Amino acid sequence: MAVKNFVVGLFDDEAVLFPAVKKVRTAGYKLHDVYTPFPVHGLDHAMGLRESSLHTAGFIYGITGTTTALSFMSWVFNVDWPLNIGGKPHFPLPAFIPITFELTVLFAAVGMVMTFCWLCQIMPGVKKHIFHPRQTDDKFVMVIELTEKTNAEEVKSFLQAAGAHDINEQQAEAGWWFGRFDKDDEPYLRKVKPVNA
Amino acid sequence: MKDQFVVPARLKKTSFVLMGVGLLTLLIGLFAFQGENATRFWAGLLQNSSFFLLITLASTFFIAATTLAHGGWQIAFRRVPEAISMAVPVLSGILFVIVMILVFGEKDSIYHWVNLHHVHEDKILTWKSPFLSKTFFTTATIITLGLWIFFTLKIRKMSIEEDGWDLKPATGKKILWRNTVVAGGFLVVFTLSVGSTTPWLWLMSIDAHWFSTMYSWYTFASTWVSGLSLIALFVVYLKKHGYLTYVTEEHLHDLGKFMFAFSIFWTYLWFSQYMLIWYANMPEETAYFQPRVWGEWRPIFFLNLLINFITPLLFLMKRDTKRNYTAVVFMAFVIIAGHWMDFWQMVYPATVKHLVFPWYELGLGLGFVGLIIFLVSNALTKASLVPKNHPYLKESIVHHT
């Protein structure tokens, strides 16, 4: 976790936001994130984000569920407590399929939700800095991180030219901290100096 | 922009060669299977005609279902399923002739309920005779085929007619409204036929003692996923020949998703039918699976699951394969062949009984494929490939999955 300096700009329309994102990337500024009120198709591509590996994780969770269900039921009915149920074999695969399916879905679903929360750093009790109160309400908010090489004033005029308004500079914690949703707005370790002051 | 399809000479030649192979196989079959063996001659015709009729009818279902769901993404290639559905009248005619010969020619090795002596000696068949009778069979077949043809032609006719209209908001509303009404009407017919009684009559009545309420849905799932694969094949073919400018890999991705999802749906129904019978273990129900699981057809039974479930599941799972033209074409061929085999194992264990290499059935199948290529490519030339007045066309052009 580190406190960093940011330049924040607001956009009203995705039609303005898209070219602005492209301009920021060609200019070589470090894009921290873009907050939108709704999922914008193709924005991840424009921002140059790599494809999410959430589905690979989902596949692994699913396979884990399949294996868990099949191996546990086989162990129970063959090793631990063999019972004759309706004259069926001790390894009645068709009877195992529905449970195997359910467990595959359960593992994949729960695992993917938790991984999603982990990747996005969202969870009850987890707080992050909010750059603008309307950032996921009705405004598109672009946040550019300042590095040693970037000049804040230059970035501001750049955003102005790209169509942003309410441009301001903020010093904020980039990571998350523990806290309640309605208070604890500041991270506990406030005294840390910005890494890119 | 190429909007008007012209049949390439090579495609025409291919379709004629395939139809020739089919006719030749039919002739060879006519001489090779006589007397006792004539069962195979008719079983092959029943399997192929019902399979290929239902997979072309799946295109009408595709149009109707997407219209009713107010889907926009398929408009860019909507003329393709429309053209495929134009094979329905011809294939209906072929199937009608075949089942009428089976029923009125008293081919009791296929439908043993057509033999009245069997019915009189058989309590179950006597009880079922209001349903499994020549009159009911013929009436139901005529009504369903008639309604399918009526709605298919109606949807196609409306779509072509709309190309000549003026592009105004009122026209757009009218297009949506009348398409929705006709699509709704077709879906009612489709549900009551393919989703309910028609496969019972044409295919399940081969095992006249046995019954399964899952059977029609299972048949529907089989033909629907093959029908989607057929649409994908024609879309890719046209795209590769420079047509369908608006169709991108986004549309292909959605078709691939459908092929993937309905392969799983087919497995779900396949398993639902199998597991209930396996669990209850009642002799009158397990009779159907006896030759398939424990008899000669055992390898086909498991091959069926391998080709139609495991292969699409693992192959189409990745995003990249669904967006790759070659991969989708390969999978479409696998799915169509797999479900053709599924129909083969539905018809054959109770009629021909023995598992033999299906050269005759494959030959007939190629003939039907040739016929479908011929009819569809002709239908594609009849209208512009883009329904330019459809209000959802723009939505389809900018489609992004």
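**A walk through chains A and B**

Strand 4 of chain A (residues 140-145) is largely enclosed by the rest of the structure, because five of its six residues are buried. Buried here means that 20 or more other C-beta atoms lie within 10 Å of the residue's own, exposed means 12 or fewer, and partly exposed is in between, with C-beta atoms placed from the backbone. Strands (E, at least two residues) and helices (H or I, at least four) are DSSP runs, numbered from the N terminus. The model is a predicted one, in which local features need pLDDT of at least 70 and side-chain atom pairs count only at pLDDT 80 or more, while totals for chains, interfaces and linings use all residues. Residues are numbered from 1 along each chain as its sequence is written, and chains are lettered from A and ligands numbered from 1 in the order in which they are written.

Strand 4 of chain A has two partners to consider, where pairing requires that DSSP finds at least two bridges between the strands. Strand 1 of chain A (residues 3-11) runs antiparallel to strand 4 and is joined to it by six bridges; in this pair A:Phe11 stands opposite A:Phe140. Strand 2 of chain A (residues 30-35) also pairs with strand 4 in the antiparallel sense, over five bridges, and here A:Asp33 is opposite A:Val143.

Chain A is assigned domain 1 (3-50 + 125-178) and domain 2 (54-120), with bounds that come from an automatic or database domain assignment. The C-alpha centres of these two domains are 43 Å apart. An unreviewed UniProt entry places the feature "transmembrane region" at residues 57-77 and 97-119 of chain A; UniProt positions follow the numbering used here, feature names are shortened, and annotations may be inferred rather than shown by experiment. In the model, residues 57-77 of chain A are 100% helix and 0% strand, with end C-alpha atoms 30 Å apart. Residues 97-119 of chain A are likewise 100% helix and 0% strand, and their end C-alpha atoms lie 32 Å apart.

The contact between the chains takes five residues from chain A and six residues from chain B, where contact means C-beta atoms, placed from the backbone, within 7 Å. The chain B side has five nonpolar, one polar and no charged residues. For these classes, Ala, Val, Leu, Ile, Met, Phe, Trp, Tyr, Cys and Pro count as nonpolar, Asp, Glu, Lys and Arg as charged, and the others, Gly among them, as polar.

A nonpolar core is a set of buried Ala, Val, Leu, Ile, Met, Phe, Trp, Tyr and Cys residues joined through C-beta atoms within 7 Å. The largest has 108 residues, and those with the most contacts inside it include B:Leu228, B:Ile231 and B:Phe234. Apart from it lies another core, of 22 residues, among them A:Val7, A:Phe11, A:Val141 and A:Ile144.

A:Asp166 is not a glycine, yet has a positive phi of about 55°. A:Asp166 is in strand 5 of chain A (residues 165-173) and is partly exposed, with 13 other C-beta atoms within 10 Å. B:Leu244 also has a positive phi, near 50°. B:Leu244 is in the loop between helix 9 (215-240) and helix 10 (249-280) of chain B, and counts as buried because 25 C-beta neighbours are inside 10 Å.

Methods: Contact = placed C-beta atoms within 7 Å.
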